[in-house]
Amino acid sequence: MDPHLLRTFVTVAGLGSFSAAARELGYTQSAVSQHIAALEHDLGAPLLLRRPVVPTDAGTRLLEHAEPLLLRLDAARADIARLLSAPAGRLTLGVTPLAMSSRLSRALAEVRCEQPGLEVAVRVTGHSAAVRGAAAGELDLALVDGMAAPSDPLYLPEAGPLVATGVAEEPSAVALPAGHPLAGRDGVRLVDLGDARWIDAPGTAAGLDRLRTLCGYDGFPVSLRYEGTDVRGLIALVAAGHGLALLPRSALEGACGVVGTAVTEPRTVHRIEALHGGTGIGPAALLAARLASVPGGAADAVRA
């Protein structure tokens, strides 16, 4: 399959429009139609219904393969570019909301002192966007957070040859409204809250699919979906009784109307990892090394 045709198909399916995809990709609408027709001919199956523009069963299955394939192609291009280019005088840093910490601020200050001309841009973004951005070379370094067993690496989508270095770990806690019946307990098992209402906040808190996997329980019903990256907004929703969330304990210290209750089972920690291309040179690699060397950080977990 021609990757250009595959990218056109993913764009049309995502936007639900041939004309919108043409504007997005810089093609004519006729060219987009020809791309889809050529791909359908190659695979011997219709991939998109035309009115409305939605994937067929075959198209839905192809999407499951297409997006990871295109990400790996972007990652390969970015990896070669990193090998051929000299270390840049800029650093584009992607950070998930709960990975933005004083540890990062101190390490970044050290790097900027060593490289006073360094231009720095910091983007606060969701987990998937941070991983994809690091793989595709849009970010020089990504700091991502998540829930894991103590000293275990984070579960990350497969996105190409990235180096992940453990930066920090701390206990996880369930954010409960102050008046919740379990708010006074020293600890709670996650499975005991499997029938409670939860806020689905994939860009901020621990994902509910991850909780179901860890507990082996198909519970944790969603009462509200939160698509922001503002941790304070999520905590305010918990305080108002819209649902629960699993967060690092430090995020709940001093929060108004919310109590953080420790998780006793399964044993989990909130972990932060730094992801970069692994060339070993340049400001991204230097910052990753500084983050890993800050006292009190996580056990090192470099993996490609």
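1. R290 forms a salt bridge with E110, and their closest N and O atoms are 3.4 Å apart. R290 sits in helix α9 (residues 282-293) and E110 in helix α5 (residues 102-114), so the pair ties together parts 180 residues apart in sequence. A salt bridge here is a side-chain nitrogen of Lys or Arg within 4 Å of a carboxyl oxygen of Asp or Glu. Helices (H or I, at least four residues) and strands (E, at least two) are DSSP runs, numbered from the N terminus.

2. This is a predicted model: local features need pLDDT of at least 70, side-chain atom pairs count only at pLDDT 80 or more, and totals for chains, interfaces and linings use all residues. Residues are numbered from 1 along each chain as its sequence is written, and side-chain values use heavy atoms, with hydrogens and water left out.

3. R290 is partly exposed, at 21% relative accessible area. E110 is partly exposed too, at 40%. Buried means under 20% relative accessible area, exposed over 50%, and partly exposed in between (1.4 Å probe, protein chains only). E110, E114 and R290 are linked in a network of salt bridges.

4. The structure holds 13 salt bridges. One of them pairs E40 with R50, with the closest N and O atoms 3.1 Å apart. E40 is in helix α3 and R50 in strand β1, 10 residues apart. E40 counts as buried at 13%, while R50 is partly exposed at 38%.

5. R90 forms a salt bridge with D140; here the closest N and O atoms are 3.3 Å apart. The pair links R90 in strand β3 (residues 90-95) to D140 in the loop between α6 and β5, 50 residues apart. Both ends are partly exposed: R90 at 44%, D140 at 24%.

6. In helix α2 (residues 18-25), F18, A20, A21 and A22 are buried. Their cover includes α1 (3-15), α3 (29-43), β1 (48-50) and β2 (53-55), with contact meaning heavy atoms within 4.5 Å. G26 follows α2 and has a positive phi, near 80°.

7. The largest pocket is lined by 33 residues, and H127, Y155, P202, G207 and R210 lie nearest its centre. Elements giving two or more residues to this lining are α6 (127-136), β5 (141-148), α7 (208-215) and β10 (245-248). α7 gives the most, with 5 residues. A pocket is an open set of points on a 1 Å grid over the protein atoms alone, where a 1.4 Å probe fits, with protein on both sides within 12 Å along at least five of seven lines; lining residues have an atom within 4 Å of a point.
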